[in-house]
Amino acid sequence: MSGFLKWLAGLNPFAQIPLVIGAFLLVAGILIFFIEIAPRTGRRYTIIRALVCVFAPVTVFLLLGSIMVAAVVAAILGGVFFLLDYRARSGAGYLFQLIGFLSPALFLLAIGLVYPTVATFFKAFMNARGNRFVGFENFVFVFGQEANRVAIINTIIWVLVVPAFSTAVGLAYAVFVDKARGEKILKALVFMPMAISFVGASIIWKFVYDANQADQPQIGLLNGIITFFGGQPIDFINVAPWNNLFLMVILIWVQTGFAMVVLSAAIKGVPAEQMEAAQLDGTNAWQRFTNVTVPGIRSSLIVVLTTISIASLKVFDIVQTMTGGANGTNVLANAVYAQKLEEGRASAFAVILFLLVLPIIIYNVRQMRLQKEIR
Amino acid sequence: MSAVAPIDLPVDQRTTAQLARGEKAIERTTLKKSKDRLTSKGATIAAIIIAILWTTPTFGLLVTSFRPPELINTSGWWTIFTNPGFTVSNYDAVLNGEATTVTLGQAFINSIAITLPAALFPLVIASMAAYAFAWIPFKGRNILFIGVFALQVVPIQMALVPLLSLFARGLSVGDTEIFAGLGAGGNSYGQIWIAHTIFALPLAIFLLHNFISEIPQELIEAARVDGAGHGQTFFRIVLPLAMPAIASFAIFQFLWVWNDLLVALVFADGAVGPITKVLREITGNRGQDWYLLTSGAFIAMIVPLIVFFALQRFFVRGLLAGSTKG
């Protein structure tokens, strides 16, 4: 495969796109074709299955360039499949098909996410170059230094503030815009920041937050307003600890659109009869909102809150571009990137980040289980 | 006797008051619609104010990108109304590459070359896996699915360095080499394609599974009765039906990959850097050259904005494919 990629690299980018897509679709198509062929009975298909048992290891060898793995694949296909299919209750070829569908995804996930996660866990206990076990030294470094503790606290504040505000504003906006005229345009305007990269958003907000000396004309919008009313310009992004809040505003600005779209669709899903019944009972708008709408959209609220929480835990681009983590604005995600030369310490940061995310996973998994039961 | 309470029940005062309010509500809705519109007018005004607040920063950037550099550095963009100075020189300067490893034009092409395959590959792989999770019963299916879902929250930072060394050096257990590194970095997009595919898989599998599992069982069974195996069912029935979810996730993935910075920083070095990387370089190294920043940012934003506005309706469907029913 590296041979193919090397050859591809020498071409014009616009030629690379169709070629690589075509190659990929070809491989996927062949896989599906063989999946389809696998369980058919008869002499011809048995021969085809035997051929696959020969060619698949060869392909693996060509892809990965290693005889070891190819031999392992051959052993699995040849021996184990025969045994299992021989005794399979779901019919011959069933396991073959299952593996065929699942294996690309599971293989990629294993090498791309599972292995690195496990490796990072181990690396967190190793030294900077990863060859000596140092126990909890890296964690001592993380919690020992003031700057790192600030980063952890900042991260936690981000996770608490951003989802709350984004969801609140998104919900309010969704309720306001519901059935208004120009609903689509209003929604599109608020959703637009989601299409902008975080780097682009940081640049946009640089023009809002910029601060010049008091006697010079202001470029930043906020300072322009402040000086227009006769105040002193404030250096928003450099004054700790409030600069964190101003950075959070950027993420809120982006994520509110997401919250609004999901919650708006959920609000439209609240049965109209319930609203009418509440109206007939003489409730006012606020009571209808809290007693009918909010319980009705509860599951969507949870989805929105957890998604934005995960996003704010991972936020890296905003901090990196606006301040680089200086002036007390550092967050864990940025610290991992900044420490990337010190593998042990970067891994320690990453482990702490993962531990912070863990409660959200567990909560989400529970919600999923409940939903599966309802279905 | 009112229309609401045709029978004279013994009611206390509070309930009477409530019922009276309900009657008034009926009258209001049937007779005086204008009063209702007044309350929602207040809401509409509030919504418009929020929309203006949300759009102003972006608008500021757009205006600034058309102003000459001297004006940008010395006066706020709102003064354009009193002090107009319109120019396209910023776009010119940033497109013809003043000072970064790779010109903006080249970075734009890189972005396209990275994003298109990286949007397609996860979809194909994820739809196959989602079909397996949805319609091929096997032991341990639920646990495995939850595991894949949980992988969604692995911070990318955790996976970066091990993946990078995997690409560079391959994998060896002890002395035996399991597979060799790609070693093709430098001018190849291979690393970043694979990286983006991997990171997109958990969410993709989750979203597509939610959609595919809602396909009526009768359809699948009918196909089974007609003699279709899993492959044919997948290709001929599931794939066409799941197209809306696939399309909306494709758009999502396109936006995400186009706007991504972190994965690009690590896996796309040098000549294959996408546009976000170039933007960051401009911001970081030449923080004071704001005229470059503004036009660069807008060029980077144009494609996602076009994609977004053109394909808006698919977004909502895609976002909802992952959450609950109504």
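This report describes selected helices and residues of chains A and B in a predicted model.

## Composition of chain A

Chain A contains 17 helices and zero strands. Of its 375 residues, 48% are buried. Among the contacts in chain A with a separation of 6 or more, 61% are between residues 24 or more positions apart.

## Helix α14 of chain A

Helix α14 of chain A covers residues 298-313, a run of 16 residues. From first C-alpha to last, the helix reaches 23 Å, close to the 22 Å expected at 1.5 Å a residue.

The buried positions of α14(A) include Ser300(A), Leu301(A), Ile302(A), Val304(A) and Thr306(A). Further along the helix, Ile308(A), Ser309(A), Ile310(A), Ser312(A) and Leu313(A) are also buried.

## Leu251 of chain A

Leu251(A) belongs to helix α11 of chain A, which comprises residues 242-268. The residue has a relative accessible area of 0% and is therefore buried, the cut-off being under 20%.

Leaving out residues up to four places away in sequence, Leu251(A) touches Trp158(A), Val162(A), Phe198(A), Ser312(A), Val315(A) and Ile318(A). One of these, Ser312(A), is among the buried residues of α14(A). Leu106(A) is 145 residues from Leu251(A) in sequence, and their C-alpha atoms are 33 Å apart in space.

## Packing of α8 and α11 in chain B

Two packed helices are described by the angle between their axes and the distance between the axes. In chain B, helix α8 (residues 190-212) packs with helix α11 (residues 243-259) at an angle of about 155°, and the axes are 11 Å apart. The pair is therefore roughly antiparallel, since the angle is over 145 degrees. The crossing of α8(B) past α11(B) is right-handed.

On the α8(B) side, the contact is formed by His196(B), Ala200(B), Leu203(B), Ala204(B), Leu207(B), Leu208(B) and Phe211(B). The α11(B) side contributes Pro244(B), Ala245(B), Ile246(B), Phe249(B), Gln253(B), Trp256(B) and Val257(B). Classified by residue type, this contact holds twelve nonpolar residues, two polar residues and no charged ones.

## Lys277 of chain B

Lys277(B) is located in helix α13 of chain B, which spans residues 275-285. With a relative accessible area of 10%, Lys277(B) falls under the 20% cut-off and so counts as buried.

Apart from neighbours within four places in sequence, Lys277(B) is in contact with Leu261(B), Ala264(B), Leu265(B), Ala268(B), Asp269(B) and Gly270(B).

Terms used. Residues are numbered from 1 along each chain as its sequence is written. Chains are lettered from A and ligands numbered from 1 in the order in which they are written. This is a predicted model: local features need pLDDT of at least 70, side-chain atom pairs count only at pLDDT 80 or more; totals for chains, interfaces and linings use all residues. Side-chain values use heavy atoms; hydrogens and water are left out. Helices (H or I, at least four residues) and strands (E, at least two) are DSSP runs, numbered from the N terminus. The expected span of a helix is 1.5 Å times one less than its number of residues. Buried means under 20% relative accessible area, exposed over 50%, partly exposed in between (1.4 Å probe, protein chains only). Axes are lines fitted to C-alpha atoms, for helices over the stretch in contact, and angles run from 0 to 180 degrees between N-to-C directions. Angles under 35 degrees count as roughly parallel, over 145 as roughly antiparallel, 65 to 115 as roughly perpendicular and the rest as oblique. A crossing is left-handed if the near helix is turned anticlockwise from the far one by less than a right angle, and right-handed if clockwise. Contact means heavy atoms within 4.5 Å. Ala, Val, Leu, Ile, Met, Phe, Trp, Tyr, Cys and Pro count as nonpolar, Asp, Glu, Lys and Arg as charged, and the others, Gly among them, as polar.
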